[in-house]
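Please consult the sequence and the model below before reading the notes.

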Amino acid sequence: MTVINVGLIGLGTVGTGLVRIFHENGSLVENKLGFSLRLKKIAVKDISKAREIPLGKSVLTDKAREILDDPDIDIVVELVGGENPAKEFIISALNKGKSVVTANKLILAKHGKELFEIADKNAVDIGFEASVAGTIPIVRALEEGLAANKIEKIVAIVNGTTNYILTRMTQTFKTFDEALKEAQELGFAEADPSMDIKGNDSAYKLAILSMLAFGMKILPEDVFTEGITGVTPEHIERANSFGYVIKLIAVAESFNGKVSCRVHPVFLEAKHPLSAVQNEFNAIYVVGNAAGETMYYGRGAGQMPTASAVMSDVIELAERHFRDCKKKDCPSRVMETKTRSLFWREKSILPADEVFNKYYLCFPIVDQPGVIGKITTILGVHGISISAVKATIVDKSKNRGLVEIFTHSVREGTVKKALAEITGLSMLTESIFFYRIIE
Ligand code: HSE
């Protein structure tokens with residue numbers, strides 16, 4: 001029986017999950033494949049460390065080179081994380097004619113083009129299903145299921161930590177800090193959650209999705225990014241009162257050949273399918289010009305959900321290696337698939353200020369005659385059309401009120417200019433806050 005050998009570098013949470021899948025579902029997988037898939041070697045930092053899973057001594061090594069230099073290993077799984085040495089391991093494996101599976105969103109988002117070119121040159125491939133939204137098969141959906149489509153828009157919740165925090169703030173009116181603490185206690189948020197709460201984790205994932213969807217090299221710095229640290233219980237309460245929920249959303253959409261990529265909190269209409277995505281779950285809503293609306297839902301993190309996505313890539317690559325795709329005259333999937341071959345189209349990013357959205361604007365004010373007039377006059381001068389206005393006294397004793405305005409679709413740069421002007425008005429008691437609206 002043919003054996004396809006796999007080498008694993010990194011035995012942390014997800015690596016351990018992958019070994020579990022090999023142990024628990026190995027025969028099931030082999031029955032489907034019709035050949036043997038063997039986890040031949042695992043490279044770890046410390047061989048003597050106690051492990052959660054039983055492993056033969058001969059399987060472990062503390063030298064990644066033993067995997068990279070082994071001619072019998074066809075597929076290398078990189079689960080080290082971080083940029084280096086993970087990137088060097090990936091490049092070395094590709095140059096040795098091995099396919100690579102990785103969950104490393106940072107490397108894919110920053111160096112995807114370079115790595116795909118190296119894979120292509122060596123007629124091997126990179127599986128990265130686990131790099132975006134954990135277990136959800138969104139890479140396959142974009143590359144295969146929706147291959148016939150021009151992708152018009154992606155709207156996604158791709159960070160479980162922030163979705164958990166915002167869900168709890170909505171359900172319990174906890175403050176951001178309280179909800180973050182709860183997420184950390186339950187293991188949904190890292191000890192250092194800054195990449196999540198500032199939106200960078202979502203930006204990395206959106207860069208990868210956008211690259212797949214629009215065939216351009218889109219880097220994390222091309223993604224306009226705002227996190228959720230400024231979201232307060234008052235914002236949540238105001239959103240709910242108008243039939244919206246606040247979510248951290250990653251959006252990529254195409255406008256006349258240009259692509260806008262952005263991550264920021266939004267007022268999401270309660271009837272939008274993404275508003276039902278609660279707690280640590282992720283979901284990606286994709287609109288294709290032929291398929292129309294589609295949505296993909298599941299766990300974006302966690303040991304077994306992420307390992308499931310890693311194993312799906314191992315299985316796919318093993319099947320292709322089995323079919324002898326390593327022959328020099330057999331191009332790798334980088335060349336075979338239509339979307340990948342578009343990767344190197346010239347990048348054309350639409351700056352965030354040029355994007356059109358509907359807006360919710362909230363002005364905390366001292367209640368006095370002419371307040372609404374002054375605000376709406378400035379908006380009017382900037383050509384911002386209003387769809388609704390509400391004025392409320394929220395604290396009679398302090399004469400504090402809120403003027404809340406919903407706009408029609410307007411250019412972001414125009415809104416920012418108008419708000420900068422309104423910020424100078426003396427009747428404002430606190431900072432203006434605003435949210436983009438998704439319906
Ligand atoms: N920290 C991420 C999240 C999971 O909270 O979704 C890993 O990408």
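Predicted model: local features only at pLDDT ≥ 70, side-chain atom pairs only at ≥ 80, totals over all residues.

Residues are numbered from 1 along each chain as its sequence is written, and side-chain values use heavy atoms, with hydrogens and water left out. Helices (H or I, at least four residues) and strands (E, at least two) are DSSP runs, numbered from the N terminus.

**Ligand site**

- A polar backbone atom of glycine 160 lies 2.7 Å from an oxygen atom of the ligand.
- An N or O atom in the side chain of aspartate 201 is 3.3 Å from an oxygen atom of the ligand.
- For asparagine 159, a polar side-chain atom is 3.4 Å from an oxygen atom of the ligand.
- The protein buries 82% of the 260 Å² that the ligand exposes when taken alone; accessible areas come from the Shrake-Rupley method with a 1.4 Å probe, and for residues only the protein chains shown count as cover.
- The largest pocket is the space taken by the ligand.
- A pocket is defined on a 1 Å grid over the protein atoms alone, as an open set of points where a 1.4 Å probe fits, with protein on both sides within 12 Å along at least five of seven lines. A molecule sits in a pocket if more than half of its atoms lie within 2 Å of its grid points.

**Strand pairing**

- Two strands pair if DSSP finds at least two bridges between them.
- Strand β7 (residues 151-157) runs antiparallel to β9, with four bridges joining the two.
- Within this pairing, lysine 153 stands opposite glutamate 253 in β9, and valine 155 stands opposite valine 251 in β9.
- β7 is also joined to strand β11 (residues 281-288), again antiparallel, by six bridges; isoleucine 157 has alanine 283 in β11 as its bridge partner.
- Twelve bridges link β9 and strand β10 (residues 258-269) in the antiparallel sense, and cysteine 261 in β10 is the bridge partner of alanine 252.
- Strand β1 runs parallel to strand β2 (residues 36-43), with seven bridges between them; isoleucine 4 stands opposite leucine 37 in β2.

**Burial of elements**

- Buried means under 20% relative accessible area, exposed over 50%, and partly exposed in between (1.4 Å probe, protein chains only).
- Strand β9 (residues 244-255) is mostly covered, with ten of its twelve residues buried.
- In β7, five of the seven residues are buried, and in strand β1 (residues 3-9) six of the seven are buried.
- Six of the eight residues of α5 are buried, namely Ile138, Val139, Arg140, Ala141, Leu142 and Glu143.
- Aspartate 120 lies in helix α4 (residues 105-121) and is partly exposed, at 24% relative accessibility.
- The C-alpha atoms of aspartate 120 and lysine 247 are separated by 38 Å, and the two residues are 127 residues apart along the chain.

**Backbone geometry**

- Most residues other than glycine have a negative phi, and most peptide bonds are trans.
- The peptide bond from asparagine 84 to proline 85 is cis, with omega near 15°; proline 85 is in the loop between β4 (73-78) and α3 (86-95).
- Alanine 133 has a positive phi near 60°; alanine 133 is in the loop between β6 (126-127) and α5 (138-145) and is buried, at 0% relative accessibility.
- Asparagine 399 has a positive phi of about 55° and lies in the loop between β14 (386-395) and β15 (400-407); its relative accessible area of 31% makes asparagine 399 partly exposed.
- Asparagine 256 takes a positive phi near 45° in the hairpin of β9 and β10, which has two residues between the strands.

Note on methods:
Polar contact = N/O pair within 3.5 Å; in protein donor to acceptor, adjacent residues only side chain to side chain. 1 Å grid on protein atoms, 1.4 Å probe; cavity = no way out; pocket = protein on both sides within 12 Å on 5 of 7 lines; lining within 4 Å.
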